[in-house]
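Here is a short tour of the charged side-chain pairs in this protein. Have the sequence and the 3D view at hand as you read.

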Amino acid sequence: AARVTRRRQPRRAPLLLDEMHAPTVAEALRERGHDVVAVADFVELRAMTDDELLTWAAEDGRRIVTENVKDFRRLVTRLEEAERSTAGVLYTSSRTFPRSRRNPGPIIKALDAWLRQPDVTNRPVEDWLLPASQR
């Protein structure tokens, strides 16, 4: 008798890379099968304020990847207090992941590892990206 196996649905955690992250990072993650877009790729997103961007990301079911901890932490807190949902924020650090168009490898590996976590869809609203070797 033939055996039917069910394919597990992939975990989805769509990301929106804030403007400080190069579009090549999003492209590399898409090549690995992830749903990732970059603000830098879209004129209409580049023109938005942080508040508008967070709202857009939440409405599109995306988590923003940003180094802008100060502003986004304040926005997330305000949205939670107003009981408006948010897709979340994944904070990065330029110290941990120096921005280099010549070597985006470390942040690509770290984001790929973060996206492949078994609990990726249940991560806290505010999360921190760690180097892939620390996951």
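## Arginine 62 and its partners

Let's begin with a pair you can pick out in the viewer: the side chains of arginine 62 and aspartate 60 form a salt bridge, with 2.7 Å from N to O. Keep in mind as you look that this is a predicted model.

How exposed are the two residues? Arginine 62 counts as buried because its relative accessibility is 9%, under the 20% cut-off. Aspartate 60 has a relative accessibility of 40%, so it counts as partly exposed.

The pair also belongs to a network of salt bridges, which links Asp35, Asp60 and Arg62.

## Aspartate 112 with arginine 116

Next, turn to arginine 116, which forms a salt bridge with aspartate 112; their closest N and O atoms lie 2.9 Å apart.

## Aspartate 127 with arginine 123

Arginine 123 and aspartate 127 make another salt bridge, and 2.8 Å separates the closest N and O atoms.

Which side of this pair is buried? Aspartate 127 is, with a relative accessible area of 8%. Arginine 123 has a relative accessible area of 22%, so it is partly exposed.

## The overall count

How many salt bridges does the structure hold? There are 8, among them the arginine 62–aspartate 60 pair we started from.

Definitions and conventions
Residues numbered from 1 in each chain as written. Predicted model: local features only at pLDDT ≥ 70, side-chain atom pairs only at ≥ 80, totals over all residues. Heavy atoms only, no water. Salt bridge = Lys/Arg side-chain N within 4 Å of Asp/Glu carboxyl O. Buried < 20%, exposed > 50% of the residue type's maximum accessible area, 1.4 Å probe, protein only.
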